[in-house]
Amino acid sequence: MLIRLAWRNLWRNKIRTAIMAGAMVFGLVGVVAMMGFMNGMTNNMVYNAIAWQTSHLQIHNQRFNQNPDIKDVVIQPDRVESVLNSNRNVQDWVPRFVVDGMLASARSTRGVKVVGVDAEKERDFTPISTRLVGGEWLDAQGRNPILVSAKNAERLKLRVGSKVVITFTDPNGDVTGAAFRVRGIFKTPSSAYDDNHVLVRMSDIQSLAQLKQVHEYAVKLNAEVGAKSESQVRQLVTEIKASVSTDNEVQGWYQLQPLLATMMSTMDTSNQIMLIVFVVAMAFGIVNIMLMSVFERTQEFGVLMAVGMQKHKIFALVMLETVMLGSLGAVLGIMGSKLLISVLSYTGLSLGSMAEGLGAYGVDTLLYPQVSGEQYLMVFVTVFVASVVAALYPARQILKQKPVEAMSDKK
């Protein structure tokens, strides 16, 4: 009976209830959309970092991580490769020869990280081969082919077939170098990666350096390419560390990209802060609406008390009205949010106008917002609890009234 009476009382003033419920719906849609945008951006950053740069984990010489030097190669590479091949959680791996050098054209010179790759393995390991804006991928044909980024090609006035010179310091401390021909031009989501990396065949750069070992093993797991892979990566890092030389260092993507790890750890907190700000504003709105409703019906409540209705039932009636209002707004808001997120997760959210800024963080210009079921539940529970708390003050105002005084109220 109280539930039916509370629902009827809620719609006595349809316009007032509809305005408050509408405000809650639009507010929740905005908050959830912002949460989805932040989740989508962070997940996209992690995905791109793993797919294009770090893989799930990497293996280096410990000294190479602290101060990259061409002499600091991976210790016992045969042992490392054997461990990787025998581990069922490893999907694929590639060796790389990495050295800091200079890239020079007839127009300009830039400092770059020269990455020597196994052309066949790297083609299937990273998506770079699918993002060539000119030319073709590395192969066994030709002498000293090189891949440069579109950004460096523009700065150095290069095109496919242009001649460039790479110089670097060899293991003996002497400067060495050779001429290369631009075989292809690539463009990745990360402007930082494009600024600093060129790709050559590993055999070419090893021949120049007179060094046959490698500096890096990049490893992919049988796991999702994203933030949810962290627990699996941590477990595999521990396993591989126990099996390879202690002079080598095994690092997961969260160690290689500390900024991403920090963003992931603060994302839940950021979402909760946004939700709390909205809920506090909503709670004040509910208190205001319910106070108006209670004071308008002071005489009515006085009559109910006079005919024998217990105060705790009147208290429960006001609480029910408030909770129903909050729950109605929460349910409609979540339904509207889910609809919006479903549409955007299919069509994507184009951010082409911010391409330059997003590229600095390795974010695609087409984002797909994501909101988990746990986050929807968190939103509903938070709004529900806020509604209960907001109902306490208006409901207590009735308990202070005596039947005679309430019936004689002229408000």
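On the side of domain 1 that touches domain 2, the elements giving two or more residues are α2 (14-54), α11 (258-296) and α14 (355-359), and α2 provides the largest share, with five residues. Sorted by class, this side of domain 1 has seven nonpolar, four polar and two charged residues; here Ala, Val, Leu, Ile, Met, Phe, Trp, Tyr, Cys and Pro count as nonpolar, Asp, Glu, Lys and Arg as charged, and the others, Gly among them, as polar.

Domain 1 and domain 2 bury about 810 Å² between them, with 61% of it on carbon and sulfur atoms, where buried area is the accessible area (1.4 Å probe) that two parts lose on being put together, summed over both. The number of salt bridges between domain 1 and domain 2 is zero.

## About the model

This is a predicted model, in which local features need pLDDT of at least 70 and side-chain atom pairs count only at pLDDT 80 or more, whereas totals for chains, interfaces and linings use all residues. Residues are numbered from 1 along each chain as its sequence is written, and side-chain values use heavy atoms, with hydrogens and water left out.

## Domains and overall form

An automatic or database domain assignment gives the bounds of domain 1 (1-49 + 261-408) and domain 2 (55-256). The centres of the two domains, taken over C-alpha atoms, are separated by 50 Å, and 13 residues from domain 1 and eleven residues from domain 2 take part in the contact, which means heavy atoms within 4.5 Å.

Along its principal axes, the C-alpha trace of the protein spans about 100 × 45 × 30 Å.

## Helices, strands and a salt bridge

The protein contains 16 helices and twelve strands, which are DSSP runs (H or I, at least four residues, for helices; E, at least two, for strands) numbered from the N terminus.

The structure holds nine salt bridges, each a side-chain nitrogen of Lys or Arg within 4 Å of a carboxyl oxygen of Asp or Glu. One of them joins E216 and R96, whose closest N and O atoms are 2.9 Å apart. Because E216 lies in strand β9 (residues 216-221) and R96 in strand β2 (residues 90-104), the pair ties together parts that are 120 residues apart in sequence.
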